[in-house]
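Come along while I look things up, one entry at a time.

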Amino acid sequence: MRLRSCRKAFLPAFLLCMLAIAPAYGEGTAVPVADDEAGTVEGGGDTEVTVPVELPSYEPEVEVHRLLEVGAGYRFVTTDGSGGRAAEYEYLRPSVTGSAHFARLGKDLKLDVDGTYLNSKDYHANLDFDYAGYYRLDFRTESLFHNLDHETYALSPALFTDSAPAERYGITTRQDAFHFRYKLRDYPIHLNLSHWLIDREGSSQQRFSDYTFDAILQANNKLFSQTRRIDRTTQEGTIGLDAHLGPVNLVYQFQFRQSDERGGTPSDLFSAQQGPSEHNEAPESRFYSHSVKLYSSLAGGATGAASYAYSRSENRSSLSSVVGADQARDTLQNVAGDFSYAPCAWFSTAVRYRHQEVDRERPASLLVSSLSGGTVDVRPLFDTVRDIVSANATIRPSTILSVNGEYRGSFLRRDGVTDGAWNLPEESTTHSGTMTLLLRPFKGLRLRGLYGYSTTDNPSYGITPEQQHEGQLLASYSRDGRWGVTANYQITRAWNDSIARTTHPFNGSPSITYVLPSDRHTVHSAAGVWVSPLERLTLSGHVGFLRNRSDQAVLFASVFNGNQAASDYISQGELYSLNATYRAADTLDLSLALQELHSRAEFKPAALTDGGVSTAGITELSRVRTIERSLSARANYWWTKHFSCVLDYSYRDYDNRTGTSNEGTVHVVSASLKTKW
């Protein structure tokens with residue numbers, strides 16, 4: 001009762017106060033403000049109404065976050081035997097190491113720079129810069145060293161010559177990339193600039209043969225090995241504009257790419273030729289493209305996109321012994337269209353279309369100075385037209401179940417292959433479909449199943465299947481963040497019964513067409529388990545299995561008849577790994593990883609071809625049996641808040657079970673000091 005009385009008394013008093021204040025404002029009484037902050041509006045008569053000016057809103061100060069990390073150390077490398085296979089992508093030389101990371105995150109300026117240096121051939125660095133969303137710059141540079149094999153043969157000097165038997169081969173690959181994006185202030189337009197470079201330098205083994213069927217010159221048939229210098233660069237630059245034009249967005253991009261070869265092309269004297277001839281060229285090339293794309297807003301239930309691209313690829317061969325190859329060029333035109341529709345939360349669909357036309361140009365003949373005739377006719381090239389149509393639909397009837405189905409059709413047409421110059425079909429069509437089921441029956445468990453089927457009429461190549469079945473099963477489960485298991489199984493079977501090859505005997509015998517059916521099986525399975533028995537300890541183990549088997553008839557030579565034989569090829573690998581991480585204290589982290597990989601492969605043809613020729617020795621030459629073992633350990637200790645030391649050790653071993661070539665062991669110890677502020 002007392003509360004109701006207070007309310008009744010408060011409302012009349014409030015209304016009286018408002019009535020008393022209102023006339024004062026009606027008579028032009030101004031809110032006290034500074035003279036330079038008020039504006040005066042002249043009314044009727046002598047009345048002046050002072051209008052207060054709205055003061056700018058207060059913007060709170062944004063704290064700037066900074067981070068600085070610097071590290072330096074040394075990397076010790078010890079190699080026993082040939083370490084190129086054991087540590088294929090490591091530069092096997094001791095070196096000084098270093099690392100750095102700097103970050104500044106403010107309201108407008110955002111900068112992040114980090115890098116790691118192992119040696120002059122293995123490093124990486126990144127830079128990310130953004131200013132108020134108007135200027136964005138991303139830069140990346142990285143380098144990697146690849147150890148290459150040096151193959152040798154137990155043949156007499158009359159059959160094989162190696163000009164550098166003790167040479168070690170390897171290639172350093174460096175890649176630089178940057179992307180710059182500029183927003184035109186308050187306009188919805190962006191300017192995009194990017195550049196990409198990949199540079200390869202080093203040396204590799206060049207193997208080639210001087211072989212002829214001439215009865216007199218056959219005594220000179222021989223294999224050769226020599227060192228080839230590698231110095232190749234490919235650069236790509238793009239410039240583009242994108243704009244938001246109301247309901248649609250427009251993108252234009254120009255792209256230019258060029259490959260340059262500075263290592264030179266080998267030139268040698270062959271028995272069947274009159275002078276030195278260049279061979280194994282890595283031709284230079286040039287490519288440029290214009291593309292335009294329109295797409296609707298990505299928000300909403302329906303979206304669409306369309307694009308057109310015009311491209312041209314040119315061969316820039318610089319051979320001196322073969323003239324005319326630089327006249328080859330291709331013109332490509334690509335059209336694409338996408339449409340997706342999601343009318344509700346439980347259903348979505350998408351349709352995609354791709355169209356490509358390739359027009360090829362080539363010279364009618366090549367001038368080869370080392371041949372007696374001087375010119376060689378070039379096979380007529382063929383143009384291609386390819387259309388690809390795909391449709392996808394996803395249904396989510398509940399939160400625990402989703403079903404996805406996809407169809408893809410590829411239609412290929414070739415113009416100019418009916419004259420017998422190419423062993424390719426004029427038309428080839430592929431239809432494929434997949435069905436995927438994703439199920440989450442309860443918390444922590446995730447199941448995924450997939451079935452796919454494809455069929456191709458007139459397969460273009462022997463590796464293209466006429467029919468293929470594929471099945472996948474994936475299961476994963478985790479419980480309370482303490483333990484979990486994963487398992488997957490994938491099986492594929494593909495076959496092709498229409499592969500045919502025709503012989504062209506040089507001794508005048510009639511040609512024979514052989515049918516070479518193939519049947520391929522692939523099985524891939526993996527399983528893993530992880531567990532955290534203690535709060536700071538995590539253990540994990542993984543097992544993987546991969547097996548490929550191909551049963552196919554093989555034509556060993558097309559210049560003789562009777563060299564066809566059934567064959568069986570098997571390649572298989574098993575992977576075992578164990579990992580452990582332990583945070584012994586707040587200042588000490590420990591980790592350990594073990595891995596062992598077993599690989600084997602074998603090509604086994606029938607003992608005799610259909611012509612009675614023995615295949616003895618081929619299986620032994622192709623047999624591969626290897627075991628690769630690795631161990632890595634790491635300790636990271638922070639002795640103060642800002643300083644730490646890191647110790648890394650890795651062991652890698654390559655064991656060749658069919659011989660001793662390329663066997664070796666590599667030990668790497670790295671020690672470094674780091675500071676963080």
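**Entry 1**

I began with Asp568, which is buried, with a relative accessible area of 17%. For my own use: buried means under 20% relative accessible area, exposed over 50%, and partly exposed in between, with a 1.4 Å probe and protein chains only. Before going on, I noted that this is a predicted model, in which local features need pLDDT of at least 70 and side-chain atom pairs count only at pLDDT 80 or more, while totals for chains, interfaces and linings use all residues. I also noted that residues are numbered from 1 along each chain as its sequence is written, and that side-chain values use heavy atoms, with hydrogens and water left out.

Which side chain does Asp568 meet in a salt bridge? I found Arg549, at 3.2 Å from N to O. A salt bridge here is a side-chain nitrogen of Lys or Arg within 4 Å of a carboxyl oxygen of Asp or Glu. Asp568 lies in strand S32 and Arg549 in strand S31 (residues 537–555), so the pair ties together parts that are 19 residues apart in sequence. Strands are DSSP runs of E with at least two residues, numbered from the N terminus. Arg549 is partly exposed, at 34% relative accessibility.

Arg262 is partly exposed at 41% relative accessible area, whereas Asp231 is buried at 12%. I then saw that Asp199, Arg229, Asp231 and Arg262 are linked in a network of salt bridges.

I also looked up Arg657, which forms a salt bridge with Asp655; their closest N and O atoms are 2.7 Å apart. A reminder to myself: side chains of opposite charge can pair when their charged atoms come close.

**Entry 1: nonpolar groups, inside and out**

Which residues make up the largest nonpolar core? I listed 7: Val77, Ala86, Ala87, Leu92, Tyr654, Val666 and Val668. Such a core is a set of buried Ala, Val, Leu, Ile, Met, Phe, Trp, Tyr and Cys residues joined through side-chain atoms within 4.5 Å. Apart from it lies another core, of 5 residues, including Ile499, Tyr514, Leu516 and Leu555.

Leaving aside neighbours within four places in sequence, Leu92 is in contact with Val77, Thr79, Gly83, Gly84, Ala87, Asn147 and Val666; contact means heavy atoms within 4.5 Å.

On the surface, I found a nonpolar patch formed by Leu68, Val70, Phe102, Tyr637, Trp639, Phe643, Leu673 and Trp677, with about 770 Å² of accessible area together. Patch members have over 30% relative accessible area and no salt bridge; like charges are joined within 9 Å, and nonpolar side chains (Val, Leu, Ile, Met, Phe, Trp, Tyr) within 5 Å. The areas come from the Shrake-Rupley method with a 1.4 Å probe, and for residues only the protein chains shown count as cover.

Ser225 lies in strand S11 (residues 222–245) and is buried, with a relative accessible area of 2%. Not counting residues up to four places away in sequence, Ser225 touches His150, Phe160, Thr161, Asp162, Ser163, Gln205, Gln206 and Arg207.

Ala584 is in strand S32 (residues 564–585) and counts as partly exposed at 32% relative accessibility. Beyond its neighbours within four places in sequence, Ala584 contacts Arg536 and Leu590.

**Entry 2: a positive phi**

Last, I checked Ala132, which has a positive phi of about 55 degrees although it is not a glycine. Ala132 lies in the loop between strand S6 (122–131) and strand S7 (135–148).

Note on methods: Helices (H or I, at least four residues) and strands (E, at least two) are DSSP runs, numbered from the N terminus.
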